[in-house]
Amino acid sequence: MEGPEDKGNKSLRDAVLATVVWFDVFGYPLTLPEVARYLPVGGGLKGVSLSDVAAMLDSSEFSCGDGYYSLKDGKGASVLRQRRYRLAKRKLGRARRAASLFGLMPSVRLVAVCNSLAVSNAEEGSDIDLFVVCRPGTLWATRFALAGTLKLFGLRPTPEEQKDKLCLSFWVSESEMDLSRYALPGGDPYMDFWIATLMPLYDAGGVFDEFRKVNEVGRSEGRKVGNGSGRIERLAKRIQMRKFPERIRAMANLDSRVVVSDDVLKFHVNDRRAVFRGRFREKLDSLNVKEI
């Protein structure tokens with residue numbers, strides 16, 4: 001009889017461990033449905049049943065408290081997660097209100113919560129990270145309008161105050177939704193899980209489904225790129241380029257941390273993907289788990 005270990009591209013044990021290990025890096029225990037949901041990112045097939053995953057989690061390599069699974073002796077804590085979940089509810093309320101207002105602009109196609117808030121792992125003093133997709137050829141003008149409005153009302157994060165502020169550090173046009181070109185060389189588990197955990201708050205119609213499809217298979221040819229040729233777009237670009245901090249200008253387009261173009265604005269100055277990948281792989285090695 002076929003058992004849970006026999007299903008998947010790799011052993012189900014390795015896939016489940018890889019999934020739990022990744023979230024353990026952030027001290028985040030998972031429920032059974034969450035492990036199953038993120039299992040494909042950890043290297044398992046989508047067809048694995050919930051009972052298969054449950055059977056695999058019922059081993060000495062995992063611990064379970066209040067319905068949350070983590071590594072045995074791992075960093076995940078159910079009490080901390082429950083507290084952060086309650087904090088996240090308030091932040092998500094603000095994010096939803098912002099997304100509904102952003103959606104009033106015809107050029108906005110998708111607004112999604114990303115990073116820790118997308119998995120309800122928010123801290124009290126953290127800001128709200130949003131990922132925005134715009135129509136091609138409108139990125140600069142849309143950012144100018146939205147970021148400018150947030151700044152006017154004191155809703156953008158500053159070095160002195162981040163709590164519940166709206167951080168707009170990642171923008172792409174619909175023509176540039178394939179993020180594979182911005183992944184770290186040699187594998188990027190952070191981006192893989194980042195995409196898997198995005199929480200859409202506003203969708204102009206099928207945009208999120210298309211985003212997920214593109215990032216499952218990748219697509220690099222046949223793209224229609226925005227060239228910023230409109231007068232308003234050119235003016236918005238010129239104004240914002242002048243106002244960018246020196247560090248943004250210095251890091252722009254050196255690698256995937258800071259990207260500045262007419263189709264992508266990505267301002268991840270403190271990019272820690274390589275650090276998290278290192279911790280992840282070190283833990284996988286200690287558990288004798290194959291690389292995902």
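Author: Quick note first: helices (H or I, at least four residues) and strands (E, at least two) are DSSP runs, numbered from the N terminus. This is a predicted model, where local features need pLDDT of at least 70, side-chain atom pairs count only at pLDDT 80 or more, and totals for chains, interfaces and linings use all residues. Residues are numbered from 1 along each chain as its sequence is written, and side-chain values use heavy atoms, with hydrogens and water left out.

Reader: Where is tyrosine 28 found, and is tyrosine 28 buried or exposed?

Author: Tyrosine 28 sits in the loop between α1 and α2 (32–38). Buried means under 20% relative accessible area, exposed over 50%, partly exposed in between (1.4 Å probe, protein chains only). With tyrosine 28 at 4% relative accessibility, the call is buried.

Reader: Which residue forms a salt bridge with aspartate 262?

Author: Aspartate 262 lies in the loop between β7 (258–260) and β8 (264–267), and the partner is in helix α8 (residues 231–243), so the pair ties together parts that are 25 residues apart in sequence. Aspartate 262 is buried at 14%. With the closest N and O atoms 3.1 Å apart, the partner is lysine 237.

Conventions
Salt bridge = Lys/Arg side-chain N within 4 Å of Asp/Glu carboxyl O.
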